[in-house]
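Hello,

Here is the structure I said I would pass on. My notes follow below it.

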Amino acid sequence: RCARLSRMTSTPSTTTHVSQSECNTAQDCGMRWFAQWYLGLRHAGPEGPPARVGSLGHACLGAHVLALADPETFSGPPDFYAAMLTEARKRHYLAADADWCDASQDLLDHANLAHRAAHTLITSPEFDVRRPVVLDGRPLVEQRLHATWEQLARGAGLVLPDALRRALAPHRLGMEGTPDVAHYGNAAVADIDAPVYLDDYKMRTRPVDGTPADNVVADPQGAFYKMLLAALGADGNGRRDVVFRQVNVYAGRWMTLEDFIDPGSPYVVSSGLPTRDEKRMPGMVRAEVWREAWRVLEERRRVATADNPKGPRLPTTSEHHEANRFIEDLSYRKAVQVSRWRLDHTVCLEVVRDMLAGVAMRLAQVDAGITPGRHLRTWKQAPCVRPFGCDVSSPCLASLGSNNAEATLREHLGAGRFRLDVLPAVGDHDDAPEAA
């Protein structure tokens, strides 16, 4: 049976509402849910570069949208670096009294990437956030929403079966989530036929133009947030359609001309021309940059072979054709890609019930004195195998079996062999930035 929780860990009551993150973890692996959402333990290591860029980029986006929502308070464009400084202090990238002059070069580089990505997003024709949805006097810009089971049943029609309610109600008061932005697009607020757009922004450090534009299957994250909006009346009490959009923004490095033409550049192939293999490139490249690099390197090759008995080496027809085709392909690449899901309410009800069932199952196991079991995955790049693939993989794999998992977690925590921390304050569960 599960041991009683000691004072060094957060209690089960720390998590008061079910979040989308908890649902995903409960469906994915019982052991990970038990460690994170029951014992209240999280890995306390530093965030990686993609996570940092994402967090700082979201701070820029939030500052911009809040300025749109309240132009009288914000005279002129918002200060993105001030917003990122606040976020960096909040996430302990910097000390509470530190400034950018105290930041490491890595953090400055991440801030520059985030600033550039935010500017790319805001100036993109895909960005149509003009009028955020206002709920209880607050624009829905990274606002944490809470809805009780009664509100969900009354406003969203999410009536839980008796078995689910008996498992969830003693431990969770309802659902919670933090949508990035909910807005009306270019439509007027008074236009009751205008949909509500529920935007989720992903700052990616890899190319984003391969994501599908339109989708038929309901997205679990969008369905979860739609239930929250409906429960709180933010969708016009069911009169407005809700469209979930995942906005992927390229937040990585853009290659420059110097990357290709500098002596000894690794991005030049044996023929002396720039590579077309994007897997070798450290970031995206614009068509005009690659075109100019091809022109400079082709001219350099021609000059270098001018003394050959057969004459200088000129580009072949095949080289011309492949270069033009690659340039045309680059011209269609997007730094901002939007994927859309129109959320049918009936389908979303079923999706969210299934998500809640995963949490209910784990809670019922713990109530019965059963430690949730591990879901071991051993294929290449699986979370259990990949380094840093799972926050609790080290103590999980060190235990002899699921029944002594809690003892193993506590042993690692006490010995300092695995850095775990108590969960942050309630309301921070979904704030983990998107790693690319």
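**Notes on the fold**

In the protein chain, 78% of the contacts with a separation of 6 or more are between residues 24 or more positions apart, where contact means heavy atoms within 4.5 Å. This is a predicted model, in which local features need pLDDT of at least 70 and side-chain atom pairs count only at pLDDT 80 or more, while totals for chains, interfaces and linings use all residues. Residues are numbered from 1 along each chain as its sequence is written, and side-chain values use heavy atoms, with hydrogens and water left out.

The protein chain has 14 helices and 12 strands. These are DSSP runs numbered from the N terminus: helices are H or I with at least four residues, and strands are E with at least two. Of its 436 residues, 49% count as buried (buried is under 20% relative accessible area, exposed over 50%, partly exposed in between, with a 1.4 Å probe and protein chains only).

**Two helices**

Helix α1 (residues 20-28) packs against helix α2 (residues 30-38) at an angle of about 150°, and their axes are 7 Å apart. Axes are lines fitted to C-alpha atoms, for helices over the stretch in contact, and angles run from 0 to 180 degrees between N-to-C directions. On the α1 side the contact is made by Ser21, Glu22, Thr25, Ala26 and Asp28, and on the α2 side by Arg32, Trp33, Gln36 and Trp37. By class, this contact of α1 with α2 has 3 nonpolar, 3 polar and 3 charged residues. Ala, Val, Leu, Ile, Met, Phe, Trp, Tyr, Cys and Pro count as nonpolar, Asp, Glu, Lys and Arg as charged, and the others, Gly among them, as polar.

**Two loop residues**

His92 lies in the loop between α4 (80-90) and α5 (105-122). Its phi is near 65°, a positive value in a residue other than glycine. His92 is exposed, with a relative accessible area of 69%.

Asp136 is in the loop between β3 (134-135) and β4 (138-139). Phi of Asp136 is near 55°, again positive in a residue other than glycine. Asp136 counts as exposed, at 70% relative accessibility.

**A pocket**

Which residues line the second largest pocket? They are Thr205, Arg206, Pro207, Glu278, Lys279, Met281, Pro282, Gly283, Met284 and Val285. A pocket is an open set of points on a 1 Å grid over the protein atoms alone, where a 1.4 Å probe fits, with protein on both sides within 12 Å along at least five of seven lines; lining residues have an atom within 4 Å of a point. The lining divides into 5 nonpolar, 2 polar and 3 charged residues.

Regards
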